[in-house]
Amino acid sequence: MSEALLKTALSGASSDGFVRVEELGPQGMITLRGDFDSAGFAAAVKKAVGLALPKQRKISTGKGGSVAWMSPDELLVLVDYDQVGATVAKLNAALEGEHALVADVSDARAFFRLSGADGAVRDVMAKLAPVDFSPAAFGKGDIRRSRLAQVAGAFWTPEEGVMQVICFRSVAQYTFDLLSVSAETGGEVGHFG
Amino acid sequence: MLILHCPYCGVDAEETELHAGGEAHLKRFGPGSSDEEFEGYLFHRENPKGVHFERWRHVNGCGKWFHAARCTNTLEVFGTYSAQVFEPPQELQDKISAKRPGWEWRDLKGSDQ
Amino acid sequence: MSTRLSTGGRLLNKDKQVRFAFNGKQFHGFEGDTLASALLANDQMLVGRSFKYHRPRGIVASGAEEPNALVGLGLGAKFEPNQRATTTELFDGLNCSSQNHWPSLEFDIGAVNNKLARFFPAGFYYKTFMAPRAAWKHVFEPIVRQSAGLGRVPKDRDADRYEHFYAFFDVAVIGGGVAGLQAALAAAEAGAKVLLMEQTAHWGGRAPVDGGTVEGEKVDDFIDATVAKLQAMENVTLRTRMMGAGVYDHGYLTGYERLTDHTPDQDGPRHRLWRIRASQIVTATGAIERPLSFAGNDIPGVMLAGAMRDYIVNYGVSSGDRVVVVTNNDDAYRTAFTLKRHGLEVPVILDARPEGGGKLAELAREQGFRVENGKAISKVKGGKRVTGVAICTQAGEGAVLEEITCDAVAMSGGWSPVVHLWSHCGGKLTWDEAQAHFRPDPNRPPLGAEGQGFVKVAGAANGEFDLGAILKDATEAGLSAVTAAGLKPKSKAEAPAGETLAEANPAAVWLMPQGAGPALRMKAFLDYQNDVKVSDVMLAAQEGYESVEHTKRYTTLGMATDQGKLSNINGLATLAHSLNVDIPQVGTTTFRPPYTPISMGAIAGEARAETFQPLRRTPMHDWHEEQNAFFEPVGHWRRPYCYPRQGESHAEAVSREINQTRAALGLLDASTLGKIIVKGPDAGRFLDMMYTNMMSTLKPGKCRYGLMCNENGFLIDDGVVARIDEDTFLCHTTTGGADRIHGHMEEWLQTEWWDWKVYTANVTEQYAQIAVVGPKAREVLEKLGGMEVSKDGLKFMEWADGELAGIPVRAYRISFSGELSYEIAVPASLGRALWDKLLEAGAEFNVMPYGTEALHVMRAEKGFIMIGDETDGTVIPQDLGLNWAISKKKEDFLGKRAQLRSHMADPNRWKLVGLETLDGAVLPDGAYVPASGNNANGQRNTQGRVTSTYHSPTLGKGIAMALVHNGPDRMGEVLEIPGTDGTIYKARICDPVFYDKDGEKQNV
């Protein structure tokens, strides 16, 4: 299959306001549901992605990718797009005998990156989500599922001055427009510094 | 606008992240039940001014259903708890009794303290 | 004359002149002016007309409480009606016009109402419009509509943008006066995360105008120092031009920030609505001065004493050269001092209290003012401007003792704490007899999520008016808020010592003079904007209105855009007096948010233009747009309805798409169909409960059409289920049903059968799905190559994974059109690529992409039902002849018990049939089939209704589906169905499968 055929929802659109907004991807994403208390489940995740289970509302990152806590029985595994097939296979093999569900959802999502001054990035997010974005309440390693204006979204901050946002693919344009208009020059809030 | 603590993901979620799901602890009646039982299950609901038990879903969040005990009059929230129980935990019932002595709800009765 | 003084004006930058226009006339003001102060500086006291009598109205206040000075602000897409001149900061190029007059402000035809005022008392409308009935429609309503409403509705789309902002604090303080500053400081020093907001552009509130000292220094210095301290603290957020708009449940607080109202050419959002959550809220919202009720108190030039002082000190503007001061309290003496200090004349201070005032009154006498105790204004003289006052004794009936020439009156009826935000969420009030005002009852605060009080009050808003008391009260409020927020105070601030001259208690004066007769009462205004007078409220009481809420609606007292900020207390005191009861017994009307009107744009926030609502797009959406597809909304999706070509009507396009699909090859973007994975050892058992059919017996590799009902027994969704492996199913839902059905499944798994081992995942958007339909469908797939799609290699109702043209796909051999058909699922990122390849390979067959209308017509030709057309939430599968899809073997499924109820099993239910018109016409959508006789309500009986109706290009005639009483037993019967235009359609009942009854076309 030719890489050239692949199209993300917005073909890498970007905008520059007081915060830069860009579409990333394609990004490998795997929904993994199972019993977190089962030793076999945790071992399978460790074996396939090389990471321990993240704690509640945390995302952990290693060489092989990231694992994010989505609910008490659901993880989101992030790996390179071309590694998804292999990772799904590894997970399924390692989960043999466990009650679990592994689903490739790489194409179901749009993936955005906000970058700029840390306070400015937080200001943009706080225009859209009913979440406390102060560094004390939401820092590196935290992930939150909430809503961005009228659509569901999840976001985390991998490093200072950066926020990564995922939403459903069909509303990629809406979400991009939301983020861009919120980051438009003149709309600086200055709340988070 | 309410805030409820989601017992599954630990977030104090505001109402716009939540979806209300009506009365808690309904017992399902299926085939083989009498018309009266089925009618009660399908249509009869409590409408108290005071202590009430409800179902909520953290729909813009972890997606999990949970239970909430609150006062429909003052909007005081006594607590939230697992969706996978048939009645409110005793600890919560005691807490409600402390605040609303003598409360009643369906078959549940709080103590007078 | 009102004019600019050479002194005063602490908020002005006199080096910077600003041009503005009022009613087309050009004026000048200074940077720092409000529109109101600039109008006064240009001797424009007359600013509008009242609502009912079109009486001339002048500026009366200096802040948010202003009832009169409302203007239409801006032009074109920037126009906004009903803007208060007192809170509008002046900017260069400001353009505004007065309201509610014709042809001009100075000469207004509507003022004839004023002459007829005696015929328009309270309740006039209610009494007049009772009868005759016809008069309402033809006479009254047109007149009322013509004359109703203040201000014009904007005609253009709003050019500005707006936004929301979510913020979280331990303590939010509303009001940046001395009390708010001190409360914020106390809370912040104790370690809380604090927000302090101030509705104006300046810190300090009234204190710089009213004077006083803190720790021996001027109060202005204390303000500057406190602001500087707060600015330096990391745990403090300071915002000016931000109003506390509303307090709601669980510490929700809205802050209305006006960003560019004063600099309209600046980039950026105009307003920002802060959606705040605070553990504790401190309202330090100050107090509002009350007018006094005397005859002619609405004539331009009669102003609140405090406002008159503000205009001099803050803006260097005098409201008149010769000002009579009339008061029931000590504070108004400060206005007299200020007037004198700036060289203006005060001929007399009328103090309604027989015993007079306290230290301030003493000081006035020392300074040589003429002070008259126990005296009042009998009436004000003048028309569009005050020319003098007639003086009387307050205790009497208004006999004139003396007439004094003046061009302005400064009145003060005492101060009412601003209790709005305290009250929004249920905080209760208590009547303070000594101060004659309502203030918050600390024992009955609004209750939060834990049942605790979550609002504290500080300063004048709490009924404290002495600077020392205010600072003490505010310190305490700030500290107690920190403790109440659950924090341990890091330090405990001491209140600084504040000093002002002590004030004597005011007297309760609700009517001036107290024995004023009907003639005077008819000119004593309570509500300036809505023209409610003392006489109206008394009439309401006389006619039996005892509740203040009823009186409000009967008289319209407090119903104007100012929501009774000036009129409420005077009005309810008048009502109490008329009913001969105590004021607290009458109580107040309900305070509702917002505190002052906020813009619709701020409420909508970012939800406008492109971001008004989410539009869902499939991976092929761009292609559809390139083809100029006509889109129809399906939920938030936009799906192509058809692809009209140049000069083609939609109907022609739909026919072309159908004909070519049935003749050769069509393509449908079916990506919007819901796709849910259901997996686990109990998945089969679970789906047996979800669907009416038996799903657990489905073999891996096979597909089955299934129906879903709710516990009421009614159909809620349908779709094809594919079994992927022993443990895994993939359930297709309708386009609108994906999220709903996924939620439905999760609800049952989480709340009823939580011990069943089943997981679900909604993978709707992971796949683009393309229906390849028509006799050439197999040929085109074989052309792409890569997988087995032959008649026996991939049988009808089977699925297989494979590749087409090198792209990984899952092919389902299912058909919703009756043709040979494959639905190809492909990862969404490759959806467009496969779509393009199919178009390319299909070119030789003249491949025809088709839209939702062609889809609908083709399914109707085949007699397939559509959720939402044949179902409406009251239809069970049995009604639709779908008994074959209801398992008889299963003990239970959702809806089974409900379908056993007597009404559901009733043989008299309407059932699905086909209808074909005798003349080939198309039946109107939703038409009812009448039956003979009338029902109990006198309405015509019915025996059925049309659920789907189309022109079938395949059959060349109109076809329809309908639910008809005993329909399946009435084959061949001709029904008469009226349209809405008088046409009676004749249609024959027939089998709903119109096309290829034996399914030969799909099974090739």
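Student: Which residues does Val173(C) contact once its neighbours within four places in sequence are left aside, and what makes each of them a contact?

Tutor: In this predicted model, Val173(C) is in contact with Gly180(C), Ala183(C), Ala184(C), Val194(C), Leu195(C), Leu196(C), Val282(C) and Ala284(C). The test is that the C-beta atoms, placed from the backbone, lie within 7 Å.

Student: What makes the surroundings of Val173(C) part of a nonpolar core?

Tutor: A core is a set of buried residues of the nonpolar kinds, such as Val and Ala, joined through C-beta atoms within 7 Å. The largest such set has 281 residues, and Val173(C) is listed with Val171(C), Ala183(C), Ala184(C), Ala187(C), Val194(C) and Val772(C) as those with the most contacts inside it. Strand 9 of chain C, residues 162-174, gives the largest share of this core, with ten residues. A second core of 101 residues, which includes Val209(C), Ala307(C), Val386(C) and Val586(C), is separate.

Student: Why is Asp33(C) called buried?

Tutor: The threshold for burial is 20 or more other C-beta atoms within 10 Å, and Asp33(C) has 29, so it is buried. This residue is found in the loop between strand 3 (25-31) and helix 1 (35-41) of chain C. Not counting residues up to four places away in sequence, Asp33(C) touches Leu12(C), Val18(C), Ala38(C), Leu90(C) and Tyr315(C).

Student: How far apart are Asp33(C) and Gly316(C) in sequence and in space?

Tutor: They are 283 residues apart in sequence, whereas the C-alpha to C-alpha distance is 9.5 Å.

Student: Why is helix 25 of chain C described as largely enclosed?

Tutor: Eight of the ten residues of this helix, which runs over 852-861, are buried, and therefore the helix is largely enclosed by the rest of the structure. Its buried residues are Thr852(C), Glu853(C), Ala854(C), Leu855(C), Val857(C), Met858(C), Ala860(C) and Glu861(C). They pack against several elements of chain C, including strand 34 (630-634), helix 20 (650-663) and strand 49 (940-952). Just after helix 25 of chain C, Gly863(C) takes a positive phi of about 75 degrees.

Student: What does UniProt place at residues 620-890 of chain C?

Tutor: An unreviewed UniProt entry places the feature "domain: GCVT N-terminal" there. Over residues 620-890 of chain C, the chain is 27% helix and 28% strand, with the end C-alpha atoms 41 Å apart.

Student: What makes strand 43 and strand 46 of chain C edge strands?

Tutor: Six strands of chain C form an open sheet in the order 43-44-45-42-36-46, with mixed pairing. Strand 43 (799-804) and strand 46 (848-849) each pair on one side only, and these are the edge strands.

Student: How do you know that strand 36 and strand 42 of chain C pair?

Tutor: Pairing requires at least two bridges between the strands, and strand 36 and strand 42 (residues 767-773) of chain C have four bridges, in the antiparallel sense. Gly666(C), for instance, stands opposite Val773(C) in strand 42 of chain C.

Student: How many residues of chain A and chain C take part in their contact?

Tutor: The contact takes 39 residues from chain A and 41 residues from chain C. On the side of chain A that touches chain C, helix 4 of chain A gives the most, with six residues, and by class that side has 20 nonpolar, eleven polar and eight charged residues.

How values were computed:
Residues numbered from 1 in each chain as written. Chains lettered and ligands numbered in written order. Predicted model: local features only at pLDDT ≥ 70, side-chain atom pairs only at ≥ 80, totals over all residues. Buried ≥ 20, exposed ≤ 12 C-beta atoms within 10 Å, placed from the backbone. Helix = DSSP H or I, 4+ residues; strand = E, 2+ residues; numbered from the N terminus. Contact = placed C-beta atoms within 7 Å. UniProt positions renumbered as here; feature names shortened; annotations may be inferred. Nonpolar A, V, L, I, M, F, W, Y, C, P; charged D, E, K, R; others polar.
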